[in-house]
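Here is a short exchange for a reader who meets this structure for the first time.

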Amino acid sequence: MTRIAVIPGDGIGIEVTREAVETLRAAALASGRPLYLETLPYGADHFLKTGETLPDAALDSLRSYDAILLGALGDPRVPDNRHAADILLGIRFKLDLYINQRPVRLLADHLTPLKGRTTRDIDFVVFRENTEGLYVGMGGIFKKGTPDEIAIQEDVNTRKGVERIIRHAFEHARARGRRRVLMSDKSNALTYGHDLWQRAFRDVARDYNGIEASHMYVDALAMQMVKDPAQFEVIVTCNMFGDILSDLGAQIQGGLGLAASGNLHPGKTGLFEPVHGSAPKHAGKNVANPMGAVLSAAMMLEEVGRADEARLVEQAVVGCIREGLTTRDMGGGLGTREMGEEIRRRVSA
Ligand SMILES: NC(=O)c1ccc[n+]([C@@H]2O[C@H](COP(=O)([O-])OP(=O)(O)OC[C@H]3O[C@@H](n4cnc5c(N)ncnc54)[C@H](O)[C@@H]3O)[C@@H](O)[C@H]2O)c1
(Lines give C-alpha, C1' and ligand atoms only; values in the text may rest on other atoms or scores of the structure.)
Protein backbone atom coordinates (compact mmCIF):
# COMPACT_ATOMS: atom_id res chain seq x y z
CA MET A 1 0.00 0.00 0.00
CA THR A 2 1.22 3.54 -0.77
CA ARG A 3 1.83 5.50 2.45
CA ILE A 4 1.79 9.30 2.37
CA ALA A 5 2.68 11.70 5.21
CA VAL A 6 0.77 14.97 5.02
CA ILE A 7 2.03 18.21 6.61
CA PRO A 8 -0.58 20.94 5.94
CA GLY A 9 1.55 23.54 7.77
CA ASP A 10 0.29 27.11 8.11
CA GLY A 11 -2.10 29.68 6.64
CA ILE A 12 -3.58 28.74 3.28
CA GLY A 13 -1.35 25.66 3.32
CA ILE A 14 -3.96 24.04 5.57
CA GLU A 15 -6.86 24.89 3.25
CA VAL A 16 -5.22 23.87 -0.03
CA THR A 17 -3.84 20.65 1.48
CA ARG A 18 -7.33 19.64 2.62
CA GLU A 19 -8.47 19.83 -1.00
CA ALA A 20 -5.39 17.98 -2.27
CA VAL A 21 -5.88 15.18 0.27
CA GLU A 22 -9.56 14.75 -0.59
CA THR A 23 -8.64 14.72 -4.28
CA LEU A 24 -6.06 11.99 -3.60
CA ARG A 25 -8.78 9.98 -1.82
CA ALA A 26 -11.12 10.42 -4.79
CA ALA A 27 -8.40 9.31 -7.23
CA ALA A 28 -7.59 6.24 -5.11
CA LEU A 29 -11.27 5.36 -4.97
CA ALA A 30 -11.56 5.74 -8.75
CA SER A 31 -8.59 3.46 -9.38
CA GLY A 32 -9.49 0.98 -6.64
CA ARG A 33 -5.95 1.04 -5.19
CA PRO A 34 -5.50 1.56 -1.45
CA LEU A 35 -3.80 4.75 -0.27
CA TYR A 36 -2.87 5.49 3.34
CA LEU A 37 -2.65 9.18 4.31
CA GLU A 38 -1.42 10.31 7.71
CA THR A 39 -1.63 13.97 8.74
CA LEU A 40 1.19 15.31 10.90
CA PRO A 41 0.77 18.43 13.04
CA TYR A 42 4.05 20.26 12.38
CA GLY A 43 3.64 23.97 11.76
CA ALA A 44 3.27 27.28 13.63
CA ASP A 45 0.38 26.19 15.90
CA HIS A 46 2.27 23.10 17.02
CA PHE A 47 5.46 25.13 17.55
CA LEU A 48 3.69 27.81 19.59
CA LYS A 49 1.98 25.16 21.74
CA THR A 50 4.92 22.81 22.29
CA GLY A 51 8.12 24.65 21.29
CA GLU A 52 8.76 21.76 18.89
CA THR A 53 9.52 22.34 15.19
CA LEU A 54 10.37 18.98 13.62
CA PRO A 55 11.77 16.50 16.14
CA ASP A 56 14.55 14.13 14.98
CA ALA A 57 12.31 11.12 15.60
CA ALA A 58 9.66 12.58 13.26
CA LEU A 59 12.27 13.21 10.61
CA ASP A 60 13.40 9.59 10.90
CA SER A 61 9.85 8.29 10.65
CA LEU A 62 9.24 10.41 7.51
CA ARG A 63 11.76 8.19 5.72
CA SER A 64 9.37 5.26 6.08
CA TYR A 65 6.65 6.89 3.94
CA ASP A 66 6.55 6.68 0.16
CA ALA A 67 6.19 10.45 -0.08
CA ILE A 68 5.41 13.62 1.87
CA LEU A 69 2.78 16.16 0.84
CA LEU A 70 3.32 19.62 2.33
CA GLY A 71 1.08 22.72 2.24
CA ALA A 72 3.12 25.79 3.13
CA LEU A 73 4.92 27.16 6.16
CA GLY A 74 5.16 30.70 7.47
CA ASP A 75 3.16 32.50 10.15
CA PRO A 76 3.37 36.11 11.35
CA ARG A 77 3.12 34.89 14.99
CA VAL A 78 6.60 33.40 14.54
CA PRO A 79 8.46 36.49 13.29
CA ASP A 80 11.68 34.69 12.34
CA ASN A 81 9.74 31.69 10.93
CA ARG A 82 12.14 29.40 12.75
CA HIS A 83 9.68 26.53 12.59
CA ALA A 84 9.36 26.90 8.82
CA ALA A 85 13.13 26.78 8.25
CA ASP A 86 13.51 23.80 10.60
CA ILE A 87 10.72 21.82 8.97
CA LEU A 88 11.15 22.62 5.29
CA LEU A 89 14.92 23.00 5.09
CA GLY A 90 15.25 20.21 7.68
CA ILE A 91 13.41 17.77 5.41
CA ARG A 92 15.13 18.98 2.22
CA PHE A 93 18.65 18.84 3.68
CA LYS A 94 18.42 15.87 6.02
CA LEU A 95 16.60 13.64 3.52
CA ASP A 96 19.12 14.93 0.95
CA LEU A 97 16.40 15.89 -1.53
CA TYR A 98 18.82 17.41 -3.99
CA ILE A 99 16.40 17.80 -6.87
CA ASN A 100 13.81 20.55 -6.91
CA GLN A 101 11.62 19.86 -9.90
CA ARG A 102 9.33 22.64 -11.08
CA PRO A 103 7.28 22.00 -14.21
CA VAL A 104 6.32 25.10 -16.19
CA ARG A 105 3.41 24.08 -18.39
CA LEU A 106 0.68 26.31 -19.72
CA LEU A 107 -2.61 24.45 -19.26
CA ALA A 108 -4.81 26.87 -21.25
CA ASP A 109 -3.87 29.69 -23.63
CA HIS A 110 -5.66 32.45 -21.73
CA LEU A 111 -3.70 31.88 -18.51
CA THR A 112 -0.37 33.28 -19.66
CA PRO A 113 0.36 37.00 -19.47
CA LEU A 114 2.65 36.59 -22.52
CA LYS A 115 0.99 38.02 -25.63
CA GLY A 116 0.23 35.53 -28.41
CA ARG A 117 1.61 32.48 -26.57
CA THR A 118 -0.29 29.19 -26.51
CA THR A 119 -0.06 25.89 -24.66
CA ARG A 120 2.33 24.69 -27.38
CA ASP A 121 4.86 27.41 -26.47
CA ILE A 122 5.20 26.88 -22.73
CA ASP A 123 6.09 23.39 -21.61
CA PHE A 124 9.41 22.94 -19.86
CA VAL A 125 10.82 21.88 -16.52
CA VAL A 126 13.26 23.66 -14.22
CA PHE A 127 15.60 21.54 -12.10
CA ARG A 128 16.93 23.57 -9.19
CA GLU A 129 19.82 22.26 -7.10
CA ASN A 130 18.24 21.97 -3.67
CA THR A 131 20.93 21.29 -1.06
CA GLU A 132 23.87 23.62 -1.73
CA GLY A 133 24.68 27.07 -3.07
CA LEU A 134 23.81 30.17 -1.10
CA TYR A 135 21.24 28.31 1.01
CA VAL A 136 23.57 26.25 3.19
CA GLY A 137 23.73 28.99 5.82
CA MET A 138 27.51 29.36 5.89
CA GLY A 139 28.94 32.76 6.64
CA GLY A 140 28.67 35.36 9.32
CA ILE A 141 28.38 38.96 10.33
CA PHE A 142 31.28 40.90 11.79
CA LYS A 143 30.92 44.23 13.64
CA LYS A 144 27.13 43.94 13.38
CA GLY A 145 25.22 47.19 13.70
CA THR A 146 28.29 49.37 13.24
CA PRO A 147 29.29 51.42 10.18
CA ASP A 148 32.11 48.88 9.63
CA GLU A 149 29.73 45.90 9.49
CA ILE A 150 30.68 43.02 7.19
CA ALA A 151 28.22 40.28 6.11
CA ILE A 152 29.48 37.19 4.30
CA GLN A 153 27.22 34.52 2.76
CA GLU A 154 29.12 31.61 1.28
CA ASP A 155 28.10 29.99 -2.00
CA VAL A 156 28.88 26.29 -1.70
CA ASN A 157 29.22 24.24 -4.91
CA THR A 158 30.55 20.69 -4.63
CA ARG A 159 31.49 18.55 -7.60
CA LYS A 160 29.22 15.78 -6.30
CA GLY A 161 26.28 18.13 -5.73
CA VAL A 162 26.56 19.90 -9.07
CA GLU A 163 27.15 16.74 -11.06
CA ARG A 164 24.20 14.83 -9.61
CA ILE A 165 21.60 17.52 -10.37
CA ILE A 166 22.95 17.97 -13.90
CA ARG A 167 22.92 14.21 -14.45
CA HIS A 168 19.35 14.03 -13.20
CA ALA A 169 18.31 16.71 -15.72
CA PHE A 170 19.78 14.62 -18.55
CA GLU A 171 18.21 11.42 -17.19
CA HIS A 172 14.84 13.16 -17.05
CA ALA A 173 15.26 14.39 -20.64
CA ARG A 174 16.16 10.90 -21.83
CA ALA A 175 13.27 9.25 -19.98
CA ARG A 176 10.69 11.79 -21.22
CA GLY A 177 11.88 12.01 -24.82
CA ARG A 178 13.09 15.60 -24.42
CA ARG A 179 15.87 16.65 -26.79
CA ARG A 180 17.41 19.69 -25.10
CA VAL A 181 19.01 20.41 -21.73
CA LEU A 182 20.11 23.94 -20.91
CA MET A 183 22.36 24.79 -17.97
CA SER A 184 22.18 28.29 -16.58
CA ASP A 185 24.79 29.98 -14.40
CA LYS A 186 26.67 33.22 -14.03
CA SER A 187 30.14 31.89 -14.73
CA ASN A 188 31.23 35.16 -16.33
CA ALA A 189 31.06 36.82 -12.90
CA LEU A 190 31.12 33.88 -10.43
CA THR A 191 34.37 32.59 -11.83
CA TYR A 192 35.05 29.84 -9.26
CA GLY A 193 31.75 28.29 -8.23
CA HIS A 194 30.17 28.50 -11.63
CA ASP A 195 33.31 27.45 -13.42
CA LEU A 196 32.69 24.16 -11.61
CA TRP A 197 29.14 24.12 -13.07
CA GLN A 198 30.58 24.70 -16.56
CA ARG A 199 33.06 21.82 -16.31
CA ALA A 200 30.60 19.41 -14.70
CA PHE A 201 27.98 20.20 -17.37
CA ARG A 202 30.43 19.58 -20.22
CA ASP A 203 31.57 16.29 -18.68
CA VAL A 204 28.07 14.95 -17.95
CA ALA A 205 26.69 16.03 -21.36
CA ARG A 206 29.22 13.72 -23.05
CA ASP A 207 27.33 10.73 -21.61
CA TYR A 208 24.08 11.74 -23.33
CA ASN A 209 24.45 11.46 -27.09
CA GLY A 210 21.42 12.74 -28.94
CA ILE A 211 20.47 15.30 -26.28
CA GLU A 212 21.50 18.85 -27.17
CA ALA A 213 23.37 20.54 -24.32
CA SER A 214 23.37 24.33 -24.27
CA HIS A 215 24.11 27.18 -21.88
CA MET A 216 22.77 30.63 -21.02
CA TYR A 217 23.80 33.12 -18.39
CA VAL A 218 20.94 33.50 -15.95
CA ASP A 219 20.19 37.12 -16.87
CA ALA A 220 19.84 36.17 -20.54
CA LEU A 221 17.70 33.18 -19.58
CA ALA A 222 15.28 35.34 -17.57
CA MET A 223 14.88 37.54 -20.64
CA GLN A 224 14.41 34.59 -23.00
CA MET A 225 11.83 32.90 -20.75
CA VAL A 226 9.61 35.90 -21.39
CA LYS A 227 10.61 36.54 -25.03
CA ASP A 228 10.63 33.00 -26.42
CA PRO A 229 9.73 30.29 -23.88
CA ALA A 230 9.10 27.70 -26.63
CA GLN A 231 12.86 27.12 -27.02
CA PHE A 232 13.16 25.45 -23.60
CA GLU A 233 12.62 21.82 -22.64
CA VAL A 234 14.79 21.09 -19.59
CA ILE A 235 16.63 23.76 -17.58
CA VAL A 236 19.10 22.95 -14.81
CA THR A 237 20.54 25.55 -12.47
CA CYS A 238 21.79 26.32 -8.97
CA ASN A 239 19.71 26.79 -5.83
CA MET A 240 19.48 30.60 -5.91
CA PHE A 241 18.80 31.01 -9.62
CA GLY A 242 16.35 28.11 -9.60
CA ASP A 243 14.39 29.79 -6.82
CA ILE A 244 13.97 32.96 -8.86
CA LEU A 245 13.46 31.37 -12.28
CA SER A 246 10.77 29.04 -11.04
CA ASP A 247 8.69 31.97 -9.76
CA LEU A 248 9.11 33.60 -13.16
CA GLY A 249 8.03 30.29 -14.66
CA ALA A 250 5.02 30.18 -12.32
CA GLN A 251 3.84 33.54 -13.63
CA ILE A 252 4.14 32.70 -17.32
CA GLN A 253 2.09 29.53 -16.74
CA GLY A 254 -0.73 31.37 -15.01
CA GLY A 255 0.32 32.40 -11.52
CA LEU A 256 1.56 31.16 -8.19
CA GLY A 257 -1.74 29.51 -7.25
CA LEU A 258 -1.23 26.96 -10.01
CA ALA A 259 2.46 26.08 -9.69
CA ALA A 260 3.54 22.65 -8.40
CA SER A 261 6.88 21.29 -7.23
CA GLY A 262 8.65 18.18 -6.05
CA ASN A 263 11.75 17.79 -3.88
CA LEU A 264 13.33 14.49 -4.85
CA HIS A 265 16.16 12.04 -4.46
CA PRO A 266 15.60 8.98 -6.67
CA GLY A 267 14.91 5.95 -4.51
CA LYS A 268 14.16 8.02 -1.40
CA THR A 269 11.06 9.62 0.13
CA GLY A 270 10.21 12.78 -1.83
CA LEU A 271 8.47 15.94 -0.66
CA PHE A 272 5.80 17.56 -2.84
CA GLU A 273 4.46 21.08 -2.30
CA PRO A 274 2.86 23.96 -4.15
CA VAL A 275 5.35 26.70 -5.06
CA HIS A 276 3.38 29.35 -3.16
CA GLY A 277 3.71 30.18 0.52
CA SER A 278 1.18 30.42 3.35
CA ALA A 279 -0.27 33.81 2.17
CA PRO A 280 -1.40 34.79 5.69
CA LYS A 281 -3.63 37.59 4.44
CA HIS A 282 -5.80 35.03 2.61
CA ALA A 283 -5.79 32.40 5.36
CA GLY A 284 -9.16 31.12 6.60
CA LYS A 285 -11.14 33.05 3.96
CA ASN A 286 -11.80 30.21 1.52
CA VAL A 287 -10.18 32.19 -1.33
CA ALA A 288 -6.88 30.34 -1.88
CA ASN A 289 -6.42 28.45 -5.11
CA PRO A 290 -5.90 24.75 -4.33
CA MET A 291 -4.70 23.86 -7.86
CA GLY A 292 -0.97 24.19 -7.05
CA ALA A 293 -1.43 21.78 -4.14
CA VAL A 294 -3.59 19.41 -6.19
CA LEU A 295 -1.09 19.39 -9.09
CA SER A 296 1.74 18.78 -6.59
CA ALA A 297 -0.27 15.79 -5.33
CA ALA A 298 -0.54 14.63 -8.96
CA MET A 299 3.26 14.89 -9.34
CA MET A 300 3.55 12.82 -6.18
CA LEU A 301 1.20 10.15 -7.54
CA GLU A 302 3.35 9.90 -10.65
CA GLU A 303 6.54 9.53 -8.58
CA VAL A 304 5.08 6.77 -6.38
CA GLY A 305 4.03 4.74 -9.41
CA ARG A 306 0.38 5.77 -9.70
CA ALA A 307 0.62 7.51 -13.08
CA ASP A 308 -2.97 6.64 -14.05
CA GLU A 309 -4.29 8.53 -11.01
CA ALA A 310 -1.89 11.42 -11.70
CA ARG A 311 -3.33 11.79 -15.24
CA LEU A 312 -6.88 11.64 -13.86
CA VAL A 313 -6.18 14.48 -11.43
CA GLU A 314 -4.34 16.61 -14.01
CA GLN A 315 -7.13 16.17 -16.55
CA ALA A 316 -9.68 17.17 -13.92
CA VAL A 317 -7.75 20.40 -13.25
CA VAL A 318 -7.41 21.13 -16.97
CA GLY A 319 -11.15 20.44 -17.43
CA CYS A 320 -12.04 22.99 -14.74
CA ILE A 321 -9.74 25.63 -16.25
CA ARG A 322 -11.14 25.13 -19.77
CA GLU A 323 -14.68 25.58 -18.43
CA GLY A 324 -13.69 28.74 -16.55
CA LEU A 325 -14.22 27.11 -13.17
CA THR A 326 -11.43 28.73 -11.15
CA THR A 327 -10.73 30.70 -8.01
CA ARG A 328 -10.52 34.50 -7.90
CA ASP A 329 -6.76 34.73 -8.54
CA MET A 330 -7.42 33.12 -11.95
CA GLY A 331 -10.40 35.30 -12.74
CA GLY A 332 -13.09 32.86 -11.57
CA GLY A 333 -15.57 32.99 -8.72
CA LEU A 334 -15.06 29.75 -6.79
CA GLY A 335 -13.90 29.40 -3.21
CA THR A 336 -11.17 26.97 -2.16
CA ARG A 337 -13.65 24.26 -1.13
CA GLU A 338 -15.87 24.64 -4.17
CA MET A 339 -12.81 24.50 -6.43
CA GLY A 340 -11.74 21.25 -4.76
CA GLU A 341 -15.23 19.82 -5.18
CA GLU A 342 -15.28 20.65 -8.91
CA ILE A 343 -11.91 18.93 -9.38
CA ARG A 344 -13.11 15.86 -7.49
CA ARG A 345 -16.37 15.71 -9.41
CA ARG A 346 -14.27 15.21 -12.57
CA VAL A 347 -11.90 12.74 -10.90
CA SER A 348 -14.85 10.61 -9.79
CA ALA A 349 -16.84 10.90 -13.05
N1 LIG B 1 7.45 26.55 0.62
C2 LIG B 1 6.88 27.33 1.54
O3 LIG B 1 6.34 26.85 2.51
C4 LIG B 1 6.91 28.82 1.33
C5 LIG B 1 7.18 29.38 0.08
C6 LIG B 1 7.12 30.76 -0.07
C7 LIG B 1 6.82 31.58 1.03
N8 LIG B 1 6.59 30.98 2.24
C9 LIG B 1 6.19 31.77 3.41
O10 LIG B 1 4.82 32.16 3.23
C11 LIG B 1 4.60 33.41 3.89
C12 LIG B 1 4.00 34.39 2.93
O13 LIG B 1 4.97 34.66 1.90
P14 LIG B 1 4.71 35.53 0.60
O15 LIG B 1 3.53 36.44 0.87
O16 LIG B 1 5.98 36.10 0.19
O17 LIG B 1 4.33 34.48 -0.53
P18 LIG B 1 2.97 33.68 -0.79
O19 LIG B 1 3.20 32.75 -1.91
O20 LIG B 1 2.43 33.10 0.45
O21 LIG B 1 1.92 34.78 -1.27
C22 LIG B 1 2.20 35.82 -2.18
C23 LIG B 1 0.90 36.27 -2.82
O24 LIG B 1 0.59 35.38 -3.89
C25 LIG B 1 -0.80 35.12 -3.93
N26 LIG B 1 -1.01 33.68 -3.72
C27 LIG B 1 -0.09 32.76 -3.33
N28 LIG B 1 -0.62 31.55 -3.29
C29 LIG B 1 -1.91 31.68 -3.65
C30 LIG B 1 -3.01 30.77 -3.78
N31 LIG B 1 -2.87 29.45 -3.56
N32 LIG B 1 -4.21 31.26 -4.15
C33 LIG B 1 -4.38 32.56 -4.40
N34 LIG B 1 -3.39 33.48 -4.30
C35 LIG B 1 -2.18 33.03 -3.92
C36 LIG B 1 -1.42 35.97 -2.87
O37 LIG B 1 -1.86 37.19 -3.41
C38 LIG B 1 -0.31 36.20 -1.90
O39 LIG B 1 -0.48 37.35 -1.15
C40 LIG B 1 5.96 33.84 4.45
O41 LIG B 1 6.02 33.48 5.80
C42 LIG B 1 6.96 33.05 3.62
O43 LIG B 1 8.16 32.83 4.31
C44 LIG B 1 6.61 29.64 2.40
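Q: Which residues come nearest to the ligand?
A: Of the 20 residues around the ligand, Gly74, Gly257, His276, Gly277 and Asn289 come nearest, where a residue is near a molecule if its C-beta atom, placed from the backbone, lies within 6 Å of it. This is a predicted model, in which local features need pLDDT of at least 70, side-chain atom pairs count only at pLDDT 80 or more, and totals for chains, interfaces and linings use all residues. Residues are numbered from 1 along each chain as its sequence is written.

Q: What makes up the shell around the ligand, in nonpolar, polar and charged residues?
A: The shell has eight nonpolar, nine polar and three charged residues, with Ala, Val, Leu, Ile, Met, Phe, Trp, Tyr, Cys and Pro counted as nonpolar, Asp, Glu, Lys and Arg as charged, and the others, Gly among them, as polar.

Q: Why is H10 called oblique to H11?
A: Helix H10 (residues 307–322) and helix H11 (residues 336–348) pack at an angle of about 125 degrees, with their axes 8 Å apart. Angles under 35 degrees count as roughly parallel, over 145 as roughly antiparallel, 65 to 115 as roughly perpendicular and the rest as oblique, and therefore H10 is oblique to H11.

Q: How many helices and strands does the chain have?
A: The chain has eleven helices and twelve strands, these being DSSP runs (H or I, at least four residues, for helices; E, at least two, for strands).

Conventions. Axes are lines fitted to C-alpha atoms, for helices over the stretch in contact, and angles run from 0 to 180 degrees between N-to-C directions.
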